[in-house]
Amino acid sequence: MRLGKITQAAWNRSVRKPLKKKQCTVGKMAWEQKCAELEQQIQRTEQSQKTEQDQKTEQDQKTEQDQKIETGRMTVWSTESAGGKNANVGAYAVIKAAGELASQKVMAEGVSIHAILPEQMQEEDVKHLTDTVGELCKKMNLEICQIQVETSSFVTQMVVTATAVGEKESTAIREQEMTVAGQELLLCGYAGLEGTLRILDESEEELGTRFVPAFLEKAKLLREKLVLPDQILSVKEQVSDIRQIGSGGILAALWELGEELQTGFDIDFSKIALKQETVEICEFYQLNPYLMTSAGSFLLVTGQSEEVIACLAEQGVSAVRLGCMKDQNARVIKNGEETRYLDRPAADELARWWKEHA
């Protein structure tokens with residue numbers, strides 16, 4: 001393909017036409033308008049606060065400071081990237097971006113996509129990208145605000161950046177400090193699954209030298225096990241915290257969760273859910289699945305574990321108890337009779353695989 005943005009004719013053939021066939025909602029979201037609306041919301045909020053404060057007594061104001069008060073809605077964004085030689089990376093970028101909003105208890109409403117391709121890629125790759133993204137966005141009820149595609153000599157593989165947008169309630173006064181000690185920690189989904197699927201996309205031929213076709217076809221079907229935002233947000237009222245498992249895998253996500261909540265935990269390592277296909281593919285490449293990116297899987301902190309697990313099961317999602325949050329600094333991992341403390345995050349195993357197989 002030529003350098004720079006793809007031609008309008010190619011864009012119409014390989015972007016607009018496929019999305020129209022899938023009946024996806026496509027349009028260019030007025031980002032400037034969204035920002036203007038946000039600014040107006042802030043101004044209205046500030047004016048409302050001033051008026052209310054003038055009408056309240058000093059005692060009323062003191063009481064109000066200890067409460068969460070809703071003052072309107074605000075627009076929030078999340079931007080994530082994924083790279084690879086297979087055009088399925090576009091779908092993983094969307095899942096990651098929408099999943100990060102879900103971690104803030106926000107449902108993504110629209111997504112903007114920017115794809116940069118190396119020169120050797122063909123228009124057929126653009127169509128594959130559009131097909132996979134379009135199918136996923138239709139499933140997630142996401143408006144595709146725009147898709148930009150260009151070719152660059154600066155990249156050796158496809159790089160797709162997705163920006164998801166949604167709205168959440170804004171608060172005029174700080175939320176009460178939340179205590180999570182004693183609550184349970186759940187894993188929703190499977191550790192290392194995203195990384196496994198991406199390796200399969202890139203190296204199916206090489207994996208075929210070790211595994212039979214039936215195994216690889218079964219592994220491809222695991223895409224259906226990636227947890228989507230609407231599924232995880234079905235329990236947002238029953239959970240204190242949600243964290244998507246991104247770069248560095250579940251061990252990095254556990255560390256980041258503890259840092260954010262300023263607490264420790266005590267978990268059973270053997271409870272971490274893995275798919276057998278993940279185990280075998282990681283063994284083939286000598287990778288640690290617990291250190292591999294897994295967007296589409298989440299950690300949940302909740303005091304209502306039974307209700308959350310049951311609700312997720314109704315959504316077709318698997319969730320398991322890992323352990324409990326503790327009012328301490330120690331982040332304890334037990335595996336049978338062995339007890340150790342969680343280390344600081346290590347490099348992501350998918351990134352290491354790419355470095356060795358580029």
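The axes of helix H4 (residues 89-103) and helix H6 (residues 193-202) come within 11 Å of each other and cross at roughly 165 degrees; here axes are lines fitted to C-alpha atoms, for helices over the stretch in contact, and angles run from 0 to 180 degrees between N-to-C directions. The structure is a predicted model, in which local features need pLDDT of at least 70, side-chain atom pairs count only at pLDDT 80 or more, and totals for chains, interfaces and linings use all residues. Residues are numbered from 1 along each chain as its sequence is written, and side-chain values use heavy atoms, with hydrogens and water left out. Helices (H or I, at least four residues) and strands (E, at least two) are DSSP runs numbered from the N terminus.

H4 and H6 are therefore roughly antiparallel to each other, given that angles over 145 degrees count as roughly antiparallel, under 35 as roughly parallel, 65 to 115 as roughly perpendicular and the rest as oblique. The crossing of H4 past H6 is left-handed; a crossing has this hand if the near helix is turned anticlockwise from the far one by less than a right angle, and is right-handed if clockwise. H6 also packs against helix H13 (residues 349-357), at an angle of about 20 degrees and with the axes 10 Å apart. H6 and H13 are therefore roughly parallel to each other, and H6 passes H13 in a right-handed crossing.

Strand S4 (residues 143-151) pairs with strand S1 (residues 4-5) in the antiparallel sense over two bridges, where pairing requires that DSSP finds at least two bridges between two strands. Lysine 5 has glutamate 150 in S4 as its bridge partner. S4 is also joined to strand S3 (residues 108-117), with which it runs parallel, by eight bridges. Within S4, glutamine 148 is the bridge partner of histidine 114. Together with helix H5 (residues 123-140), S3 and S4 make a right-handed β-α-β unit; the hand is so named if, with the strands pointing away from the viewer, the path from the first strand over the helix to the second runs clockwise.

An antiparallel pairing over four bridges links strand S11 (residues 331-335) and strand S12 (residues 338-341). Asparagine 335 stands opposite glutamate 338 in S12. Two residues lie between the strands of this hairpin, in which glycine 336 takes a positive phi near 70 degrees.

Serine 240 is located in strand S7 (residues 239-245). Serine 240 counts as buried, at 16% relative accessibility.

Key: Buried means under 20% relative accessible area, exposed over 50%, partly exposed in between (1.4 Å probe, protein chains only).
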